[in-house]
Amino acid sequence: MGPMTDQFAPVVASSRVLLLLRRLHTLSEKQEKSWSQIFFYLTRLVRFLARGELWSSAADDHMRDKFVALEKDRCEFIYLLARAIEARNVVEAGTSFGVSTIYLALAVGQNVQLQQGKSVGRGGSAGKVIATEKEPSKAKRAKAHWKEAGDEVEPWIELREGDLLETLKVEEGMPQEVDLLLLDSTFLADDLLQPRLKRGAVVITDNVGMAKMLYRDFIGYIRDPANGFRTLTVLFSGGLEPSVYLPED
């Protein structure tokens, strides 16, 4: 299938990839709007308010087969941001079923093609998305989705399975400088990845409003200018926080 030719489409991709993304977003949205999932979120809120419980093994079990995918408009925003800053080295902390990773890989591949004249699909050290996922069943589903997306996506992704606090310590394959970091977890960037952030790198954190109880320490850190970041909250539902790394400004 040929490339998308609609000049108003925010994402440049083949019709095959766009159809895959449409299908995955539809499945994710249906899951998020189900009564069982709404009840789960309400239960988590009650447990936090009553006991101060942030998470549990039971919550992990419930989320094991859930997409936890960023909504389509957020993914498009992140894709365009990655294109705008010409990001070639991206880290995603919390890949789940790999939906947002597809957008990141599209952006990285297209940026490499633009900047270095590389053909999309050759991958290598010219640029990549380092994706992390601790749940084996989710990692398997993500890899299947990337394979279905094909050469526009799959060659640009390196998946690291396991606890990201361990897998991201592996030096082999890690870029010297990270252009963009996408967080959908309570992972703190300062103690592991911040030394790799290039000046002007963008850190994107989802659900800083809806799930601010999970991000309390991270939000306090990244909103303190002394730590080198300039940040704001974009008014997507639940809150999306892009932060630019500008040390010594």
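Author: Let's start with a trio: E71, R74 and D206 are joined in a network of salt bridges. This is a predicted model, in which local features need pLDDT of at least 70, side-chain atom pairs count only at pLDDT 80 or more, and totals for chains, interfaces and linings use all residues. Residues are numbered from 1 along each chain as its sequence is written, and side-chain values use heavy atoms, with hydrogens and water left out.

Reader: What makes the contact between E71 and R74 a salt bridge?

Author: The term asks for a side-chain nitrogen of Lys or Arg within 4 Å of a carboxyl oxygen of Asp or Glu. For E71 and R74 the N to O distance is 2.8 Å, so the pair qualifies. By this rule there are 11 salt bridges.

Reader: How do you know whether E71 is buried, partly exposed or exposed?

Author: We use relative accessible area: buried is under 20%, exposed is over 50%, and partly exposed is in between (1.4 Å probe, protein chains only). E71 has 37%, so E71 is partly exposed.

Reader: Which parts of the chain does the salt bridge between D206 and R74 tie together?

Author: The side chains of D206 and R74 meet at 2.3 Å, N to O. D206 sits in strand β5 (residues 197–206) and R74 in helix α4, so the pair links parts that are 132 residues apart in sequence. Helices and strands here are DSSP runs numbered from the N terminus (helices H or I, at least four residues; strands E, at least two). Both D206 and R74 are buried.

Reader: Why are K72 and E76 said to be about one helical turn apart?

Author: They are 4 residues apart in helix α4, which is about one turn. An α-helix has 3.6 residues a turn, so residues three or four places apart point the same way. K72 and E76 also form a salt bridge, with their closest N and O atoms 2.6 Å apart. K72, at 46%, is partly exposed, while E76, at 16%, is buried.

Reader: How do you know that the length of α4 agrees with its number of residues?

Author: The expected span is 1.5 Å times one less than the number of residues. For the 13 residues of α4 that gives 18 Å, and its end C-alpha atoms are 18 Å apart, so the two agree.

Reader: Why is the second largest pocket said to lie between domain 1 and domain 2?

Author: Domain bounds come from an automatic or database domain assignment. Domain 1 (15–64) and domain 2 (72–118 + 125–245) both supply lining residues, so the pocket lies between them.
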